[in-house]
Amino acid sequence: MKAADLEQALRDDPGDLASWRAYGDRLRERGDARGTLIELRQRRDRTRPADREALDREIAALEDEHRRSWDAGLPEGATVLERRYGFATKVAVEWSGNAPAAIEQVVQAPFVTALRIAPSDAEEGNDLLWDNDPSEPPWPVPSPSIDTGALATLDLGRIVELDLSYLRIGAPGAEALAVSTYFRFVASGAGGPGAPARRGRTEVLDLRYCRVGDAGLAALAASEGFAGVRRLHLQRNLLSAEGVSALHLLTGLVELDLRYNAIGAEGVEALLAAPFVGSLDRLLLYRDDVGEASAKMLADAPHLPPALRSYWRNV
(Lines give C-alpha, C1' and ligand atoms only; values in the text may rest on other atoms or scores of the structure.)
Protein backbone atom coordinates (compact mmCIF):
# COMPACT_ATOMS: atom_id res chain seq x y z
CA MET A 1 0.00 0.00 0.00
CA LYS A 2 1.07 3.57 -0.64
CA ALA A 3 1.82 5.76 2.36
CA ALA A 4 -1.31 7.87 1.72
CA ASP A 5 -3.49 4.75 1.66
CA LEU A 6 -1.94 3.54 4.91
CA GLU A 7 -2.57 6.93 6.53
CA GLN A 8 -6.24 6.77 5.56
CA ALA A 9 -6.52 3.21 6.84
CA LEU A 10 -4.95 4.24 10.15
CA ARG A 11 -7.28 7.23 10.53
CA ASP A 12 -10.16 4.79 10.12
CA ASP A 13 -8.64 2.18 12.46
CA PRO A 14 -5.90 3.66 14.68
CA GLY A 15 -5.46 0.35 16.51
CA ASP A 16 -4.40 -1.63 13.44
CA LEU A 17 -0.88 -2.71 14.48
CA ALA A 18 -0.10 -4.43 11.18
CA SER A 19 -0.83 -1.24 9.22
CA TRP A 20 1.34 0.73 11.63
CA ARG A 21 4.20 -1.70 11.02
CA ALA A 22 3.78 -1.32 7.26
CA TYR A 23 3.63 2.46 7.64
CA GLY A 24 6.77 2.34 9.80
CA ASP A 25 8.58 0.59 6.94
CA ARG A 26 7.63 3.44 4.58
CA LEU A 27 8.81 6.00 7.13
CA ARG A 28 12.19 4.33 7.55
CA GLU A 29 12.61 4.32 3.77
CA ARG A 30 12.18 8.10 3.91
CA GLY A 31 14.58 8.46 6.84
CA ASP A 32 11.82 9.43 9.26
CA ALA A 33 12.74 8.42 12.83
CA ARG A 34 9.08 7.78 13.62
CA GLY A 35 9.43 4.53 11.70
CA THR A 36 11.96 3.42 14.28
CA LEU A 37 9.70 4.67 17.08
CA ILE A 38 6.83 2.52 15.81
CA GLU A 39 9.07 -0.54 15.83
CA LEU A 40 10.45 0.23 19.32
CA ARG A 41 7.04 0.88 20.88
CA GLN A 42 5.51 -2.25 19.40
CA ARG A 43 8.52 -4.27 20.56
CA ARG A 44 8.11 -2.78 24.05
CA ASP A 45 4.47 -3.90 24.13
CA ARG A 46 5.62 -7.48 23.47
CA THR A 47 8.37 -7.33 26.11
CA ARG A 48 7.97 -8.42 29.73
CA PRO A 49 7.58 -5.42 32.08
CA ALA A 50 10.79 -6.35 33.91
CA ASP A 51 12.77 -6.06 30.65
CA ARG A 52 11.39 -2.73 29.37
CA GLU A 53 13.78 -0.30 31.06
CA ALA A 54 16.37 -0.20 28.26
CA LEU A 55 13.68 0.18 25.62
CA ASP A 56 12.06 3.01 27.59
CA ARG A 57 15.37 4.89 27.65
CA GLU A 58 15.85 4.40 23.91
CA ILE A 59 12.32 5.57 23.16
CA ALA A 60 12.63 8.64 25.40
CA ALA A 61 15.93 9.65 23.79
CA LEU A 62 14.49 9.28 20.29
CA GLU A 63 11.42 11.36 21.16
CA ASP A 64 13.47 14.09 22.85
CA GLU A 65 15.75 14.34 19.82
CA HIS A 66 13.07 14.56 17.15
CA ARG A 67 9.89 15.97 18.76
CA ARG A 68 10.50 19.53 17.60
CA SER A 69 11.06 18.49 13.98
CA TRP A 70 8.00 16.21 14.11
CA ASP A 71 5.84 19.21 15.06
CA ALA A 72 7.37 21.54 12.47
CA GLY A 73 4.32 21.25 10.22
CA LEU A 74 1.96 22.59 12.89
CA PRO A 75 1.20 26.34 13.04
CA GLU A 76 2.67 28.60 15.69
CA GLY A 77 0.61 28.51 18.86
CA ALA A 78 -0.84 25.04 18.29
CA THR A 79 -0.37 22.77 21.31
CA VAL A 80 -0.08 19.01 20.96
CA LEU A 81 -2.20 17.34 23.65
CA GLU A 82 -1.89 13.69 22.58
CA ARG A 83 0.38 11.67 20.30
CA ARG A 84 0.64 8.23 18.79
CA TYR A 85 4.08 7.02 17.66
CA GLY A 86 5.29 10.63 17.66
CA PHE A 87 2.46 11.91 15.48
CA ALA A 88 0.11 14.54 16.87
CA THR A 89 -3.39 13.11 17.28
CA LYS A 90 -5.02 15.78 19.47
CA VAL A 91 -4.18 19.47 19.09
CA ALA A 92 -5.40 22.66 20.76
CA VAL A 93 -5.70 26.02 19.00
CA GLU A 94 -6.70 29.20 20.82
CA TRP A 95 -9.46 31.14 19.08
CA SER A 96 -8.38 34.40 17.43
CA GLY A 97 -8.60 36.06 14.05
CA ASN A 98 -5.88 33.72 12.82
CA ALA A 99 -7.48 30.56 14.24
CA PRO A 100 -9.32 29.41 11.08
CA ALA A 101 -6.08 29.37 9.08
CA ALA A 102 -4.26 27.61 11.92
CA ILE A 103 -7.04 25.02 12.24
CA GLU A 104 -6.97 24.39 8.50
CA GLN A 105 -3.27 23.62 8.80
CA VAL A 106 -3.73 21.44 11.89
CA VAL A 107 -6.41 19.22 10.39
CA GLN A 108 -4.16 18.45 7.42
CA ALA A 109 -1.70 16.66 9.72
CA PRO A 110 -2.05 12.94 8.90
CA PHE A 111 -3.38 11.67 12.23
CA VAL A 112 -5.01 14.66 13.94
CA THR A 113 -8.56 13.46 14.68
CA ALA A 114 -9.15 15.36 17.96
CA LEU A 115 -9.30 19.17 18.07
CA ARG A 116 -9.66 21.59 20.97
CA ILE A 117 -10.64 25.14 19.98
CA ALA A 118 -10.04 27.10 23.15
CA PRO A 119 -11.01 30.62 24.23
CA SER A 120 -8.32 33.01 25.34
CA ASP A 121 -7.46 32.88 29.03
CA ALA A 122 -9.29 36.18 29.62
CA GLU A 123 -12.37 35.02 27.72
CA GLU A 124 -12.58 31.75 29.65
CA GLY A 125 -12.39 33.61 32.94
CA ASN A 126 -15.20 35.93 31.87
CA ASP A 127 -17.40 32.99 30.88
CA LEU A 128 -17.11 31.45 34.31
CA LEU A 129 -18.63 34.60 35.81
CA TRP A 130 -21.13 35.20 33.02
CA ASP A 131 -24.21 33.89 34.88
CA ASN A 132 -23.83 36.46 37.64
CA ASP A 133 -23.10 39.47 35.41
CA PRO A 134 -26.28 41.59 35.07
CA SER A 135 -24.76 43.51 32.14
CA GLU A 136 -24.76 40.34 29.99
CA PRO A 137 -27.93 39.39 28.08
CA PRO A 138 -29.59 36.20 29.39
CA TRP A 139 -29.87 34.54 25.98
CA PRO A 140 -27.51 32.51 23.78
CA VAL A 141 -25.54 35.25 22.01
CA PRO A 142 -21.91 34.74 20.98
CA SER A 143 -19.04 36.37 22.79
CA PRO A 144 -17.97 39.66 21.14
CA SER A 145 -14.66 37.96 20.32
CA ILE A 146 -16.31 35.20 18.25
CA ASP A 147 -16.70 35.75 14.51
CA THR A 148 -19.47 33.31 13.64
CA GLY A 149 -18.77 33.79 9.94
CA ALA A 150 -15.26 32.48 10.50
CA LEU A 151 -16.68 29.42 12.28
CA ALA A 152 -18.58 28.62 9.09
CA THR A 153 -15.29 28.29 7.18
CA LEU A 154 -13.91 25.46 9.32
CA ASP A 155 -13.48 22.07 7.66
CA LEU A 156 -13.86 19.53 10.48
CA GLY A 157 -14.58 16.49 8.32
CA ARG A 158 -11.68 14.46 9.76
CA ILE A 159 -12.36 15.30 13.39
CA VAL A 160 -13.63 12.51 15.65
CA GLU A 161 -13.41 14.47 18.91
CA LEU A 162 -14.30 18.19 18.87
CA ASP A 163 -13.89 20.20 22.06
CA LEU A 164 -15.27 23.75 22.07
CA SER A 165 -15.80 23.98 25.82
CA TYR A 166 -15.92 27.52 27.23
CA LEU A 167 -15.82 29.03 23.72
CA ARG A 168 -19.04 31.04 23.83
CA ILE A 169 -20.21 30.56 20.25
CA GLY A 170 -23.91 31.09 21.06
CA ALA A 171 -26.75 29.94 18.83
CA PRO A 172 -25.41 31.78 15.73
CA GLY A 173 -22.05 30.05 16.09
CA ALA A 174 -23.65 26.64 16.49
CA GLU A 175 -25.83 27.26 13.45
CA ALA A 176 -22.81 28.36 11.41
CA LEU A 177 -20.94 25.18 12.33
CA ALA A 178 -23.97 23.03 11.54
CA VAL A 179 -24.52 24.55 8.11
CA SER A 180 -20.84 24.43 7.18
CA THR A 181 -20.47 20.83 8.35
CA TYR A 182 -23.63 19.77 6.52
CA PHE A 183 -22.58 21.26 3.17
CA ARG A 184 -19.05 19.88 3.41
CA PHE A 185 -20.49 16.48 4.32
CA VAL A 186 -22.79 16.53 1.29
CA ALA A 187 -20.06 17.85 -1.00
CA SER A 188 -17.89 14.88 -0.03
CA GLY A 189 -20.58 12.56 -1.41
CA ALA A 190 -21.29 11.17 2.05
CA GLY A 191 -24.76 12.60 2.54
CA GLY A 192 -27.67 14.42 1.01
CA PRO A 193 -30.59 13.30 -1.18
CA GLY A 194 -29.97 10.01 -2.94
CA ALA A 195 -26.72 9.25 -1.13
CA PRO A 196 -26.33 6.16 1.06
CA ALA A 197 -27.11 6.82 4.71
CA ARG A 198 -23.85 7.69 6.49
CA ARG A 199 -22.82 9.70 9.49
CA GLY A 200 -20.11 12.26 10.04
CA ARG A 201 -16.92 11.21 11.79
CA THR A 202 -17.47 13.28 14.96
CA GLU A 203 -18.23 11.00 17.90
CA VAL A 204 -17.36 13.25 20.85
CA LEU A 205 -18.67 16.83 21.03
CA ASP A 206 -17.89 19.01 24.04
CA LEU A 207 -20.00 22.18 24.20
CA ARG A 208 -19.75 22.98 27.90
CA TYR A 209 -20.47 26.69 28.54
CA CYS A 210 -20.84 27.41 24.81
CA ARG A 211 -24.32 28.99 25.32
CA VAL A 212 -25.77 27.46 22.16
CA GLY A 213 -29.38 27.44 23.44
CA ASP A 214 -32.21 25.34 22.06
CA ALA A 215 -31.93 26.73 18.52
CA GLY A 216 -28.19 26.14 18.31
CA LEU A 217 -28.47 22.61 19.63
CA ALA A 218 -31.30 21.82 17.22
CA ALA A 219 -29.17 22.99 14.28
CA LEU A 220 -26.23 20.82 15.33
CA ALA A 221 -28.41 17.77 15.96
CA ALA A 222 -29.99 18.11 12.51
CA SER A 223 -26.64 18.31 10.68
CA GLU A 224 -25.55 15.03 9.08
CA GLY A 225 -21.99 15.91 9.98
CA PHE A 226 -22.82 15.50 13.68
CA ALA A 227 -25.30 12.62 13.36
CA GLY A 228 -22.74 10.10 14.65
CA VAL A 229 -22.08 11.85 17.97
CA ARG A 230 -22.01 9.36 20.85
CA ARG A 231 -20.69 11.46 23.72
CA LEU A 232 -22.17 14.93 24.12
CA HIS A 233 -21.33 17.47 26.82
CA LEU A 234 -23.87 20.30 27.18
CA GLN A 235 -23.21 21.67 30.63
CA ARG A 236 -24.72 25.18 31.06
CA ASN A 237 -26.07 25.89 27.57
CA LEU A 238 -29.38 27.63 28.37
CA LEU A 239 -31.34 24.56 27.29
CA SER A 240 -34.99 23.75 27.93
CA ALA A 241 -37.23 20.81 27.08
CA GLU A 242 -37.20 22.00 23.45
CA GLY A 243 -33.46 21.44 23.26
CA VAL A 244 -33.75 17.97 24.82
CA SER A 245 -36.34 17.04 22.19
CA ALA A 246 -33.88 18.06 19.45
CA LEU A 247 -31.50 15.40 20.76
CA HIS A 248 -33.84 12.66 19.47
CA LEU A 249 -32.00 12.94 16.15
CA LEU A 250 -28.76 11.73 17.78
CA THR A 251 -29.80 8.11 18.04
CA GLY A 252 -26.36 6.75 18.98
CA LEU A 253 -25.78 8.71 22.19
CA VAL A 254 -24.26 6.71 25.06
CA GLU A 255 -23.09 9.63 27.22
CA LEU A 256 -24.99 12.87 27.84
CA ASP A 257 -24.14 15.78 30.12
CA LEU A 258 -27.05 18.17 30.71
CA ARG A 259 -25.95 19.72 33.99
CA TYR A 260 -26.93 23.30 34.80
CA ASN A 261 -29.73 23.38 32.25
CA ALA A 262 -33.17 23.91 33.78
CA ILE A 263 -34.93 21.32 31.61
CA GLY A 264 -37.69 20.66 34.17
CA ALA A 265 -40.35 17.97 34.00
CA GLU A 266 -41.00 18.46 30.27
CA GLY A 267 -37.30 18.01 29.57
CA VAL A 268 -37.21 14.77 31.54
CA GLU A 269 -40.22 13.49 29.63
CA ALA A 270 -38.48 14.37 26.34
CA LEU A 271 -35.31 12.64 27.54
CA LEU A 272 -37.13 9.45 28.52
CA ALA A 273 -38.82 9.40 25.09
CA ALA A 274 -35.49 9.63 23.24
CA PRO A 275 -34.46 6.64 21.11
CA PHE A 276 -31.07 6.46 22.82
CA VAL A 277 -32.27 6.47 26.44
CA GLY A 278 -31.89 2.70 26.90
CA SER A 279 -28.31 2.79 25.61
CA LEU A 280 -26.99 5.52 27.92
CA ASP A 281 -24.10 4.44 30.10
CA ARG A 282 -23.63 7.93 31.57
CA LEU A 283 -26.17 10.67 32.24
CA LEU A 284 -25.08 13.81 34.06
CA LEU A 285 -27.91 15.88 35.54
CA TYR A 286 -28.60 17.55 38.85
CA ARG A 287 -31.79 17.30 40.90
CA ASP A 288 -32.11 21.09 40.72
CA ASP A 289 -32.16 20.87 36.92
CA VAL A 290 -35.26 18.68 36.89
CA GLY A 291 -37.11 19.10 40.19
CA GLU A 292 -38.11 16.59 42.86
CA ALA A 293 -40.98 14.94 40.98
CA SER A 294 -38.87 14.48 37.84
CA ALA A 295 -36.02 12.99 39.84
CA LYS A 296 -38.46 10.32 41.01
CA MET A 297 -39.57 9.83 37.41
CA LEU A 298 -35.94 9.10 36.44
CA ALA A 299 -35.57 6.72 39.37
CA ASP A 300 -38.57 4.71 38.19
CA ALA A 301 -38.12 5.00 34.41
CA PRO A 302 -38.31 1.46 32.96
CA HIS A 303 -36.32 2.31 29.80
CA LEU A 304 -33.41 3.91 31.66
CA PRO A 305 -30.53 1.45 32.30
CA PRO A 306 -30.58 -0.05 35.82
CA ALA A 307 -27.36 1.67 36.94
CA LEU A 308 -28.78 5.09 36.10
CA ARG A 309 -32.10 4.35 37.79
CA SER A 310 -30.17 3.28 40.89
CA TYR A 311 -28.25 6.56 40.90
CA TRP A 312 -31.49 8.59 40.86
CA ARG A 313 -32.88 6.53 43.73
CA ASN A 314 -29.95 7.57 45.88
CA VAL A 315 -29.38 11.25 45.02
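**Close-up views of the sheet and its helices**

**View 1. Arg116 meets its partner across two strands.** In strand S4, Asp163 is the bridge partner of Arg116. This is a predicted model, where local features need pLDDT of at least 70, side-chain atom pairs count only at pLDDT 80 or more, and totals for chains, interfaces and linings use all residues. Residues are numbered from 1 along each chain as its sequence is written, and side-chain values use heavy atoms, leaving out hydrogens and water. Strand S3 covers residues 114-118, and five of its five residues are buried (under 20% relative accessible area; exposed is over 50%, partly exposed in between; 1.4 Å probe, protein chains only). Ala114, Arg116 and Ala118 point one way from S3. Leu115 and Ile117 point the other way. S3 pairs with S4 (residues 161-163) in the parallel sense, over three bridges. Pairing takes at least two DSSP bridges. Helices (H or I, at least four residues) and strands (E, at least two) are DSSP runs, numbered from the N terminus.

View 2. Strand S1 spans residues 79-84, and strand S2 spans residues 87-94. The two strands run antiparallel, and five bridges join them. Val80 faces Val91 in S2. What lies between the two strands of the hairpin? Two residues do, and Tyr85 in the turn has a positive phi of about 55°.

**View 3. The chain crosses from S2 to S3.** S2 and S3 run parallel, joined by five bridges. Glu94 stands opposite Ala118 in S3. Between these strands the chain passes through helix H5, residues 99-106. The resulting β-α-β crossover is right-handed: with the strands pointing away from the viewer, the path from the first strand over the helix to the second runs clockwise.

**View 4. Eight strands build an open sheet.** The strand order is S1-S2-S3-S4-S5-S6-S7-S8, and the pairing is mixed. S1 and S8 (282-284) are the edge strands, so each pairs on one side only. From one strand to the next, the twist averages 5°. At the S8 end, strand S7 (residues 255-257) pairs with S8 in the parallel sense over three bridges. Asp257 is opposite Leu284 in S8.

**View 5. Helices H3 and H4 pack together.** H3 holds residues 34-45, and H4 holds residues 53-70. Their axes come within 10 Å and cross at roughly 150°. That makes H3 roughly antiparallel to H4 (over 145 degrees; under 35 is roughly parallel, 65 to 115 roughly perpendicular, the rest oblique). Axes are lines fitted to C-alpha atoms, for helices over the stretch in contact, with angles from 0 to 180 degrees between N-to-C directions. On the H3 side, the contact residues (heavy atoms within 4.5 Å) include Leu37, Leu40 and Arg44. On the H4 side they include Leu55, Ile59, Leu62 and Trp70.

**View 6. Helices H8 and H9 pack together.** H8 covers residues 170-187, and H9 covers residues 213-222. Their axes are 8 Å apart, at an angle of about 10°. That makes H8 roughly parallel to H9. H8 makes the contact with Ala171, Ala174, Glu175, Leu177 and Ala178. H9 contributes Ala215, Gly216, Ala219 and Leu220.

View 7. The protein has 14 helices and eight strands. The C-alpha trace spans about 65 × 45 × 45 Å along its principal axes. Of the 315 residues, 48% count as buried. Among contacts between residues at least 6 apart in sequence, 67% join residues at least 24 apart.
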